[in-house]
Amino acid sequence: MYASLKSIGSYVPEKILTNKDFEKFIDTSDEWIVQRTGIKERRIAADDQATSDMGALAAQKAIERAGIDKNDIDLVMCATLSPDHLCMPSTACLISDKVGIRNAMAFDISAACSGFVYMLSMAKAFIESGAKKNILLVGAEKISSLVDYTDRGTCILFGDGAGAAIISATEDKNEAIIDVHASADGKYSDLLITPGCGSKYPCRAENVKDKLQYIKMAGNEVFKVAVRTLTKDVVDILKTNNLKSEDVDIFIPHQANLRIIEAVRNKLNFPTEKTVFTVAKYGNTSAASIPMAINDAYEEGRLKKGDLMLLDTFGGGFTWASALVKFGGN
Ligand code: UT7
């Protein structure tokens with residue numbers, strides 16, 4: 001039995017925050033942001049919209065497109081760094097409820113931007129072992145709730161949104177998740193971190209006053225490790241599977257910074273027409289970035305059944321992951 005990515009869906013909130021909007025409240029410019037990141041605008045969730053609300057809308061779309069009965073879903077996983085609640089219930093439980101899935105195992109994973117590809121690795125193992133048959137994966141983020149809008153080094157980068165996929169058992173190798181590589185190295189944990197509101201610096205007035213609840217990033221150092229790691233990831237997974245860049249139909253990298261994507265793409269000789277770029281319109285949506293990008297490629301008609309996708313991602317932890325996936329949807 002193989003695991004197949006049968007469908008994809010996404011949801012983006014209506015509100016758009018443009019680079020020009022930032023010029024009104026921080027010392028920045030549209031020109032700087034476009035030049036250094038490639039980002040032009042990002043979506044921001046409504047005040048009363050939580051991560052699970054966006055995740056549920058993306059999930060509904062993925063379920064509909066897979067053409068399966070939601071009662072046949074036996075596992076729901078959600079990757080997020082902006083859960084509705086810090087400890088419990090998990091965002092996966094809330095999404096299950098909103099979608100109407102009962103009695104399925106449900107839990108969140110914490111792997112920052114690499115979360116969606118980490119989940120693919122688990123979904124593959126659950127299905128190949130015969131333990132589960134239909135799995136709903138959701139990458140959903142309300143990162144605007146973790147961003148310090150006075151910190152110009154981070155606030156311009158992030159956006160909100162959600163992506164979801166159905167992974168089902170199949171006997172057809174031509175629509176299977178071929179391989180997933182996922183790794184981490186905690187020695188870099190301080191370079192990209194939300195220090196507060198966990199057990200180390202609890203959500204108390206003094207820690208909130210020090211703004212420890214917000215994302216802190218040593219941008220330039222993260223940038224260098226990201227380029228190095230994302231490139232090595234692709235080289236390794238292609239080599240392990242005796243494949244070349246030319247064998248890949250569509251390259252879908254994590255959408256953090258256009259310069260990072262371009263550095264990796266050029267090193268590996270992926271043509272622009274085989275690469276998916278969504279960073280200009282959504283910014284960095286962390287765990288939602290990869291499924292949102294797959295969704296846009298699908299909706300643009302760039303993804304056909306059997307196409308070989310190469311996914312590549314990197315994030316806080318540090319975590320990183322790559323995957324070779326034959327698209328199993330219609
Ligand atoms: O998803 C997880 C992975 N995340 C990433 O991969 C993000 C990686 N990092 C980046 O994308 C980039 O490092 C940034 C876009 C965050 C920053 O770009 P950079 O080219 O690395 O700039 P820098 O941090 O070296 O800063 C250069 C200058 C600094 O000024 P000084 O010290 O040279 O006077 C910054 O203060 O740019 C300044 N700067 C800004 N200027 C205008 C930083 N942010 C801004 C801003 N507007 N928004």
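Biologist: Where does Ala 112 lie?

Modeller: Ala 112 sits in the loop that runs between strand S5 (105-109) and helix H5 (115-128). Please note that this is a predicted model.

Biologist: Is Ala 112 buried or exposed?

Modeller: Ala 112 counts as buried, because its relative accessibility is 13% and the cut-off for buried is under 20%.

Biologist: And what about Asn 242, where is that one?

Modeller: Asn 242 belongs to the loop between H8 and S11. With a relative accessibility of 73%, Asn 242 counts as exposed.

Biologist: Changing topic: which peptide bonds are cis?

Modeller: Among them is the bond from Met 88 to Pro 89, with omega near -5°. Pro 89 is placed in the loop between strand S4 (75-79) and H4. Another cis bond joins Gly 317 and Phe 318, where omega is about -15°. Phe 318 is in the loop between S12 and S13.

Biologist: Let us turn to helix H9. Which of its residues are buried?

Modeller: In H9, residues 258-268, the buried ones are Ile 260, Ile 261, Val 264, Arg 265 and Leu 268. Viewed down the helix axis, these buried residues fall within an arc of 125°, so they line one face of H9.

Biologist: What covers them?

Modeller: The cover includes helix H8 (219-240), strand S11 (250-253), helix H10 (279-282) and strand S12 (308-315).

Biologist: How does H9 begin, and what follows it?

Modeller: Asn 257 caps the N-terminal end, with a side-chain oxygen 2.8 Å from the backbone nitrogen of Arg 259. After the helix comes Asn 269, whose phi is positive, near 60°.

Biologist: Now the largest nonpolar core. Which members touch the most others?

Modeller: Of its 39 residues, those are Ile 156, Ile 215, Val 234, Phe 270, Leu 310, Phe 314 and Phe 318. Two or more residues come from each of H8, H9, S12 and strand S13 (319-326). H8 contributes the most, with nine residues. At least three residues of this core come from each of domain 1 (2-172) and domain 2 (177-276 + 300-326).

Biologist: What does Ile 156 touch?

Modeller: Setting aside neighbours within four places in sequence, Ile 156 is in contact with Phe 22, Ile 26, Trp 32, Ile 33, Thr 37, Ile 39 and Arg 42. There is also a second, separate core of 36 residues, which includes Ala 79, Leu 120, Leu 303 and Val 325.

Biologist: How far apart are the two domain centres?

Modeller: The C-alpha centres of domain 1 and domain 2 lie 15 Å apart. Their contact takes 30 residues from domain 1 and 31 residues from domain 2. About 2300 Å² is buried between the domains, and carbon and sulfur atoms give 65% of that area.

Biologist: Last item: where is Cys 93 found?

Modeller: Cys 93 is in helix H4 (residues 91-99). At 37% relative accessibility, Cys 93 counts as partly exposed.

Methods: Residues numbered from 1 in each chain as written. Predicted model: local features only at pLDDT ≥ 70, side-chain atom pairs only at ≥ 80, totals over all residues. Heavy atoms only, no water. Buried < 20%, exposed > 50% of the residue type's maximum accessible area, 1.4 Å probe, protein only. Helix = DSSP H or I, 4+ residues; strand = E, 2+ residues; numbered from the N terminus. Arc of directions from axis to C-beta. Contact = heavy atoms within 4.5 Å. Polar contact = N/O pair within 3.5 Å; in protein donor to acceptor, adjacent residues only side chain to side chain. Core = buried A, V, L, I, M, F, W, Y, C linked by side-chain atoms within 4.5 Å. Domains from an automatic or database assignment. Buried area = accessible area lost by both parts, 1.4 Å probe.
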